[in-house]
Amino acid sequence: MPFVITDPCIGTKDSACVDVCPVDCIHPRKDEPEFAQTTMLYIHPDECIDCGACVPACPVAAIYDSPDSTPASQKTLIEANSVYRAGDAGAVAQAEEIVQSHVAAHPDLMAVPPTERAAAHAK
Ligand code: F3S
Ligand code: F3S
């Protein structure tokens, strides 16, 4: 079961997770052209080896350890993590579309600062 990045990453994109991932499965990296265009980062579900290194690295607790443990309000973003492929313009646009619909559907969460958003997921 892969790890999943959720909405505290929106507006944060800290990238500390990228630096600790041993298999380079989190994208877009800062050195990839899509970094400036995407709203958040994504974990490739087929490449993630479930090592757990990314979770404590994230300063805003955006990463959950499986789709099952991902809170109900964040479930749509599982698909955004899944479809994203660096270098595939169609996949990048599809992931971004999912994120934008999540943003539109959750003004309550978006009104919370990213540092406090994970705590709000449980409410
Ligand atoms: Fe990478 Fe391990 Fe996270 S493989 S995405 S650092 S769980
Ligand atoms: Fe996002 Fe946290 Fe990584 S903010 S880029 S999931 S370190």
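A residue is buried if 20 or more other C-beta atoms lie within 10 Å of its own, exposed if 12 or fewer, and partly exposed in between, with C-beta atoms placed from the backbone. This is a predicted model: local features need pLDDT of at least 70, side-chain atom pairs count only at pLDDT 80 or more, and totals for chains, interfaces and linings use all residues. Residues are numbered from 1 along each chain as its sequence is written, while chains are lettered from A and ligands numbered from 1 in the order in which they are written.

View 1. Helices (H or I, at least four residues) and strands (E, at least two) are DSSP runs, numbered from the N terminus. In α6, P114, R117 and A118 are buried. They cover an arc of only 95° around the axis, so they sit on the same side of α6. The arc is that of the directions from the helix axis to the C-beta atoms. T115, E116 and A119 are exposed on the other side of α6. Part of the cover over the buried residues of α6 comes from α5 (107-110).

**View 2. T115 in helix α6.** T115 lies in α6, which runs over residues 114-121. T115 is exposed because it has 12 other C-beta atoms within 10 Å. The C-alpha atoms of T115 and T12 are separated by 8.9 Å. Along the chain, these two residues are 103 residues apart.

**View 3. Helix α4 end to end.** α4 has 17 residues. From first C-alpha to last, α4 reaches 24 Å, close to the 24 Å expected at 1.5 Å a residue. (The expected span is 1.5 Å times one less than the number of residues.) In α4, V92, A95, V99 and H102 are buried. The buried residues of α4 fall within an arc of 85°, so they line one face of the helix. On the other side of α4, exposed residues include A89, E97 and S101. What covers the buried residues of α4 includes β3 and α3.

**View 4. Around the two ligands.** A residue is near a molecule if its C-beta atom, placed from the backbone, lies within 6 Å of it. Around ligand 1 there are 14 residues, and F3, C21, C51, A53 and C54 come nearest. Ligand 2 also has 14 residues around it, with C9, T12, D14, C17 and C58 nearest.

Conventions. Contact = placed C-beta atoms within 7 Å.
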